[in-house]
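I opened my notebook to look through this structure one step at a time. Come along and check each entry against the picture.

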Amino acid sequence: MGILDTLESQVDAVVGWGRKYSLFVYPFVTACCGMEYMAASCAHYDTDRFGAAYPRFSPRQTDLLLVVGTISHKLAPVLKRVYEQMAEPKWVIAFGVCTCTGGFYDNYATVQGIDTIIPVDVYIPGCPPRPEMVIDGIMKLQDKIQREKAGLLRRRTMSVAEIPSPDTLSTIGGLTPHGQSKR
Amino acid sequence: MAKTPVPPSEERLLPRVRALLGGRVLDSHCHRGDETIIVPAESIQDVMRALHDDEELDFEILMDLCGVDHMPRRPRFEVVYHLCSYRKRHRLRVKVQVDGPEPVVPTLRDLWPGADWFEREVWDMYGIRFEGHPDLRRLLMYDGFEGHPLRKDYPVTRRQPLIGPRN
């Protein structure tokens, strides 16, 4: 292990520390979970303690896409567009069971899990999730960000086009079309 | 002093409605004070105009307009109108029954502008066409969606996503 590797790991640690405590959030709020998001992000639970409370309503200025609430098929292209507009590095939290799997909306209108459209880093189930679960999800994402290679010389995520189609998905080690990360 | 509640099955409006509409009332009933009439689909515009203009009934509000699929019953579809009079403080439910793969009901868009989106929703969900509607597009589902999802014969597992897999 050379001096350069040591240096890179130290740089990774510093960059990860900086990234995990400055998450600018894009709240993609569509449904009742939004109430719980407001409760979690305001004074009582105060996600600002984790540096993740500052909502930016421009995807170009955000790091974290917080998908809160049921996503219908009609809305799905909008969600994908917002994700694509975000600059790297970017992370996604699926907030609530509707975004994780479609929840009990197993019907003609609802996307059965947003991970069929965009990659997801952390899933927070619940209908709606308690603020404690939201905070736990943010902390898990922070751990994940800290562990990541900062990738100053390389891109960290795969593009949306690389998400496996359901045909190839069924052949990959028994992965189900939803409920599992595609990373 | 508390008001005496209305006896549950007392018909308050139906005598007047029958006198006004005559033979166009195909059927009527009153369940716990909720009065309902069934009229022929082709006469719905005349019926609604009469109920709207009548001074005693004075139905100035169309509260709701919705479709029902009664498959396998014949006639299969129903369109249900809920009328209300704020001034007279009473309500009436009007139903029409239609059948066939492409049922048609005359529009009420000209009488109540609020019927516009209601009728578009019923067209979207049930495929009941409203004759004379100026802009009968889907309201909730997207362009390219095939079929009418609240019909009982729409497969419950059928998915038509715009992007992503059909799961």
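I started with B:Ser43, which sits in the loop between β2 (34-38) and α2 (44-53) of chain B. Helices (H or I, at least four residues) and strands (E, at least two) are DSSP runs, numbered from the N terminus. The model is predicted, so local features need pLDDT of at least 70 and side-chain atom pairs pLDDT 80 or more, while totals for chains, interfaces and linings use all residues. Residues are numbered from 1 along each chain as its sequence is written, chains are lettered from A and ligands numbered from 1 in the order in which they are written, and side-chain values use heavy atoms, with hydrogens and water left out.

Is B:Ser43 buried or exposed? I noted it as buried, because its relative accessibility is 9%; buried means under 20% relative accessible area, exposed over 50%, partly exposed in between (1.4 Å probe, protein chains only).

Next I looked at distances. A polar atom of the B:Ser43 side chain lies 3.0 Å from the backbone oxygen of B:Pro40.

Then I turned to the cores. A nonpolar core is a set of buried Ala, Val, Leu, Ile, Met, Phe, Trp, Tyr and Cys residues joined through side-chain atoms within 4.5 Å. The largest one has 40 residues, and B:Met48, B:Leu51, B:Tyr81 and B:Val94 have the most contacts inside it. Among the elements of chain B that each supply at least two residues of this core are α2 and β4 (77-85). A second, separate core has 20 residues, including A:Leu64 and A:Phe95.

Last, I counted six helices and four strands in chain A.

Conventions. Polar contact = N/O pair within 3.5 Å; in protein donor to acceptor, adjacent residues only side chain to side chain.
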